[in-house]
Amino acid sequence: MTSDFVRFGVVGGGAWGTALAQLLAADGAPVRLWAREEEVVLAINTQHRNPLFLPDAPLAPSLTASSDLADLAGLDALLVVVPVPYLRAVLEGLPSDNSPLIFCSKGMEAESFAFPVDIARDAFPARPRAVLSGPTFAHEVAAGLPTAITLAADDLALAEALARALARPHFRPYASTDVIGAEIGGAVKNILAIACGIVDGARLGLNARAALISRGFAEMTRFGLARGAQAETLAGLAGLGDLVLTCTSSNSRNFALGQGLGRGQSAAELMADRRTVAEGAFSAPVVAAAARAEGIDMPITDAVAHLVAGDASVADAVQALLSRPLRREGA
Ligand SMILES: NC(=O)C1=CN([C@@H]2O[C@H](COP(=O)(O)OP(=O)(O)OC[C@H]3O[C@@H](n4cnc5c(N)ncnc54)[C@H](OP(=O)(O)O)[C@@H]3O)[C@@H](O)[C@H]2O)C=CC1
Ligand SMILES: O=C(CO)COP(=O)(O)O
């Protein structure tokens with residue numbers, strides 16, 4: 001069956017944007033990637049590598065890069081992989097086509113409390129929008145290891161068509177219409193990965209980690225259901241699947257950030273000079289504030305927000321979580 005989506009562009013030259021571009025270019029298909037930094041553009045075009053963000057992956061020659069957003073005009077679909085704090089500004093520079101935008105970043109914008117699809121609605125009200133989210137370490141996707149992911153769009157036919165166009169023998173997108181569920185799963189799991197990293201760094205044990213994963217999932221579910229997400233999405237690849245991946249591996253930048261916090265380093269120290277993002281550090285105060293405003297109980301998210309801000313110690317945060325009133329599990 002022929003696809004309407006053949007010529008893809010990727011907005012963002014970090015690890016995930018580069019891995020997705022490589023996934024699509026590996027069979028020789030032309031893929032255009034926009035990166036902000038000339039150093040990344042030059043390395044991709046001349047060495048077929050991205051030494052800054054995905055150093056170990058050889059890239060296909062059919063993947064070409066540019067630092068000019070105008071070079072993404074006229075393509076069939078764009079994967080948008082810019083960390084959420086920078087997303088609005090980048091979207092403003094995109095050529096105004098009608099091709100679908102597929103959002104692959106996992107976070108919530110400060111002040112607006114908007115997820116990527118809402119941010120795009122402001123910039124491109126009529127453009128079709130989708131979300132791609134799940135347990136997907138970039139280096140594994142670039143290496144062709146088996147991966148499954150959720151692809152959500154309001155319009156099921158669009159979600160299915162995009163899923164078919166992005167599928168590869170080792171990469172299986174599952175179509176969904178639960179856009180908000182996919183976005184909330186990805187944003188909240190990043191925060192919970194920081195919490196699990198803290199538990200690991202502070203040597204609080206594996207029981208504590210398992211408790212955090214399941215009570216964290218309860219928080220994700222409360223927040224998600226309150227905002228209209230479906231329980232199956234949160235229990236699927238974009239929620240629980242990604243939560244398990246990033247709460248159990250120091251390959252996760254969020255988990256690794258938490259490990260440093262758990263060992264007693266400050267967030268400012270851990271984030272100084274780093275080029276890679278741990279989106280959970282941006283999202284924790286935002287999701288915590290949104291939950292507070294909406295009366296949703298999210299104590300783990302709140303604790304991570306305080307630890308990232310540096311206004312609580314790990315010992316204080318653990319004590320606060322353990323001294324909460326006992327309650328019925330499903331409540
Ligand atoms: N890495 C992974 O395995 C996965 C990541 N994600 C999500 O994808 C998103 C992107 O992460 P990832 O690709 O890993 O990023 P990286 O940490 O690898 O790289 C950081 C990215 O942020 C960009 N950036 C930094 N400052 C700015 C700015 N002011 N304006 C625009 N862009 C800027 C960098 O571009 P520049 O070089 O121009 O500074 C670079 O592309 C995040 O939301 C993440 O949660 C989702 C699934 C998997
Ligand atoms: O989202 C990811 C894998 O699904 C990557 O997680 P980190 O951003 O924590 O590395």
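**Ground rules.** I am working with a predicted model, in which local features need pLDDT of at least 70 and side-chain atom pairs count only at pLDDT 80 or more, while totals for chains, interfaces and linings use all residues. Residues are numbered from 1 along each chain as its sequence is written, and chains are lettered from A and ligands numbered from 1 in the order in which they are written.

**Domains.** I began with the domain assignment, whose bounds come from an automatic or database source, and noted domain 1 (8–177) and domain 2 (182–323). Taken over C-alpha atoms, the centres of domain 1 and domain 2 are 24 Å apart. I then listed contacts (C-beta atoms, placed from the backbone, within 7 Å) and found 26 residues of domain 1 touching 23 residues of domain 2. On the domain 1 side, α3 (84–92), α4 (116–123), β6 (129–133), β7 (147–153) and β8 (171–176) each supply at least two residues, helices (H or I, at least four residues) and strands (E, at least two) being DSSP runs numbered from the N terminus. The largest share of that side, four residues, comes from β7. I sorted the side of domain 1 that touches domain 2 by class and got 19 nonpolar, five polar and two charged residues; here Ala, Val, Leu, Ile, Met, Phe, Trp, Tyr, Cys and Pro count as nonpolar, Asp, Glu, Lys and Arg as charged, and the others, Gly among them, as polar.

**Ligand 2.** I took as shell the residues near the ligand, meaning a C-beta atom, placed from the backbone, within 6 Å of it; among them are Lys-106, Pro-135, Phe-137, Asn-190, Leu-245 and Thr-246. The helices α7 (179–201), α10 (237–247) and α11 (253–262) each supply at least two residues of this shell, and α10 gives the most, with three. By class, the shell around ligand 2 has four nonpolar, five polar and three charged residues.

**Ligand 1.** I counted 28 residues around ligand 1, of which Gly-14, Arg-36, Tyr-86, Ser-105 and Thr-276 come nearest. Both α1 (15–25) and α3 supply at least two residues of the shell around ligand 1, and each of domain 1 and domain 2 gives at least three. This shell divides into 15 nonpolar, nine polar and four charged residues.

**Annotated sites.** In an unreviewed entry, UniProt places the feature "binding site" at positions including Gly-134, Lys-189 and Asp-242; its positions are given in the numbering used here, feature names are shortened, and annotations may be inferred rather than shown by experiment. Is Gly-134 buried or exposed? Gly-134, in the loop between β6 and α5 (138–142), counts as buried because it has 24 C-beta neighbours inside 10 Å; the term asks for 20 or more other C-beta atoms within 10 Å of a residue's own, with exposed at 12 or fewer, partly exposed in between, and C-beta atoms placed from the backbone. Leaving aside neighbours within four places in sequence, the contacts of Gly-134 include Ala-148, Thr-150, Gly-241 and Asp-242. Lys-189 lies in helix α7 and is buried, with 31 other C-beta atoms within 10 Å. With the four neighbouring places again left aside, the contacts of Lys-189 include Met-220, Asp-242 and Thr-246.

Strand β1 (residues 8–11) runs parallel to β2, and four bridges join them, where pairing of strands asks for at least two DSSP bridges. Phe-8 stands opposite Val-31 in β2. Strand β2 (residues 31–34) is covered on both faces, with Val-31 and Leu-33 buried on one side and Arg-32 and Trp-34 on the other. The buried residues of α1 pack against β1, β2, β3 (63–66), β4 (77–80), α5 and β8.

Definitions and conventions: Two residues are in contact if their C-beta atoms, placed from the backbone, lie within 7 Å.
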